[in-house]
Amino acid sequence: MGALPVFRWRLAPDGYATRRQLRAQGLRPGGQPVAAQLERPRRRRPALVAYLYRVDLAKPVRPMTPARRAALAKANAARRICPQCRRDAGYVIPVSLGTCVPCAYPEPLEPVRSA
């Protein structure tokens with residue numbers, strides 16, 4: 001297998017697309033190998049690289065089945081349950097916190113004032 005063709009940023013010929021561009025057209029790479037790459041030079045850092053796939057070999061995106069939809073809903077629901085208090089937070093719990101906001105930042109007790 002030879003080296004991949006390399007194109008400069010925004011100068012790829014027609015017939016090539018990134019994964020995101022394929023997805024926007026309702027397509028997926030479908031198991032094909034990377035056909036080319038784009039490089040965007042940057043100062044003082046390595047170049048940004050984007051992989052390109054051939055549009056003519058791309059396949060349509062698989063439709064969402066009821067079973068896949070149910071599995072996705074179950075996985076998203078699990079990401080909403082706080083592992084500390086076991087309640088549904090109503091939002092996806094941030095990985096940076098690991099718990100819901102009330103568990104991560106409990107309200108401090110106010111000092112008791114004596115008269």
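Guide: Welcome! Local features in this predicted model need pLDDT of at least 70, side-chain atom pairs count only at pLDDT 80 or more, and totals for chains, interfaces and linings use all residues. Residues are numbered from 1 along each chain as its sequence is written, and side-chain values use heavy atoms, leaving out hydrogens and water.

Visitor: How many salt bridges does the structure hold?

Guide: There are 2. One of them joins Arg80 and Asp88, at 3.2 Å from N to O.

Visitor: Why is Asp56 called exposed?

Guide: Exposed means over 50% relative accessible area, buried means under 20%, and partly exposed lies in between (1.4 Å probe, protein chains only). Asp56 has 55%, so Asp56 is exposed. Arg54 has 33% and therefore counts as partly exposed.

Visitor: How do you know that β4 and β5 pair?

Guide: Two strands pair if DSSP finds at least two bridges between them (strands being DSSP runs of E, at least two residues, numbered from the N terminus). β4 and β5 run antiparallel and are joined by 6 bridges, so they meet that rule. Leu38 stands opposite Ala50 in β5.

Visitor: What joins β1 to β4?

Guide: Those strands, residues 6–8 and 36–42, run parallel with 3 bridges. Arg8 has Glu39 in β4 as its bridge partner.

Definitions and conventions:
Helix = DSSP H or I, 4+ residues; strand = E, 2+ residues; numbered from the N terminus. Salt bridge = Lys/Arg side-chain N within 4 Å of Asp/Glu carboxyl O.
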